[in-house]
Amino acid sequence: FSDLDAHREPAERHYRSAAMKNDNRVLWAFLAKLLVALPACYGLWYWVVSLSGPAVWVSARLLELLYPSVFAGIIPHGDDWIFATRLQDGGDAADEDTGIGIVVSPRGFDVGWPLLLALLTASPGSDRLTNIVIGSAGMVAVSCWGITFYVLKALSFNFSDVFLPASGLH
């Protein structure tokens, strides 16, 4: 190495050290914000049950579209939702009030929403709101997927003798 390179090496080391310290500060700031945001987001999620409303609504519309002769709609039941069907245990078509109902607790399907919101809230950057909107839309899609297939699984396994012939899958 020349004398010029020998003088550059400590300067580069100092620059890397300063950059690492800055990265550590950013990381610790992110973790501190995350530790504050996580309990707040989970508390908000638990308190505001209506966050899962869009996923439940989309799931109900999707099931009614796929199986119009089976599904009658959704009925709120406290924090849960009942997916009402037109089926009876005996296999006859029924009214909405007397058909089989599948109880769904949507909190089990959107548990990732508060984590996503906390991570995006704590992350650095100016486009957080855009990321929160896009991430929430993704979480609605994932929750909708889970709710829809939970209801179909419950009907297929628990009431297969009634559901499969009525749905045309048998």
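**View 1. Thr148 is a buried residue of this predicted model, with a relative accessibility of 3%.** Buried here means under 20% relative accessible area, exposed means over 50%, and partly exposed covers what lies in between, as computed with a 1.4 Å probe on protein chains only. Residues are numbered from 1 along each chain as its sequence is written, and side-chain values use heavy atoms, with hydrogens and water left out. Since the model is a prediction, local features are given only at pLDDT of at least 70 and side-chain atom pairs only at pLDDT 80 or more, whereas totals for chains, interfaces and linings use all residues. Thr148 sits in helix α4, which covers residues 128–158; helices (H or I, at least four residues) and strands (E, at least two) are DSSP runs, numbered from the N terminus. Not counting residues up to four places away in sequence, Thr148 touches Ser59, Leu62 and Leu63, where contact means heavy atoms within 4.5 Å. Val104 is 44 residues from Thr148 along the chain, and the C-alpha atoms of the two are separated by 9.9 Å.

**View 2. Ile147, also in helix α4, is buried at a relative accessible area of 0%.** When residues up to four places away in sequence are not counted, Ile147 touches Ala55, Val56, Ser59, Phe83, Val104, Pro106 and Phe109. Between Ile147 and Ala60 there are 9.0 Å in space, C-alpha to C-alpha, although the two are 87 residues apart in sequence.

**View 3. Helix α4 has 31 residues and packs through its buried residues.** From its first C-alpha to its last, α4 reaches 43 Å, close to the 45 Å expected at 1.5 Å a residue, the expected span being 1.5 Å times one less than the number of residues in the helix. The buried residues of α4 include Gly135, Ser136, Met139, Ser143, Cys144 and Gly146, as well as Val151, Leu152, Ala154 and Leu155. Their packing partners are the helices α2, α3 and α5 (160–167) and the strands β1, β2 and β3.

**View 4. Asp79 and Arg107 form a salt bridge between two loops.** The closest N and O atoms of Asp79 and Arg107 are 3.4 Å apart. This pair links distant parts of the chain, 28 residues apart, with Asp79 in the loop between β1 (71–77) and β2 (80–85) and Arg107 in the loop between β3 (101–104) and α3 (112–122). Asp79 is partly exposed, at a relative accessible area of 43%, whereas Arg107 is buried, at 16%.

**View 5. Tyr42, Val111, Leu115 and Leu119 form a nonpolar patch on the surface.** Patches are made of residues with over 30% relative accessible area and no salt bridge, with like charges joined within 9 Å and nonpolar side chains (Val, Leu, Ile, Met, Phe, Trp, Tyr) joined within 5 Å. Together the four residues have about 300 Å² of accessible area, computed by the Shrake-Rupley method with a 1.4 Å probe, where for residues only the protein chains shown count as cover. Tyr42 belongs to helix α1 (residues 3–47) and counts as partly exposed, at 31% relative accessibility.

**View 6. Leu34 of helix α1 is buried, with a relative accessible area of 12%.** Leaving aside neighbours within four places in sequence, Leu34 is in contact with Pro39, Ala118, Leu119 and Ala122.

Key: Salt bridge = Lys/Arg side-chain N within 4 Å of Asp/Glu carboxyl O.
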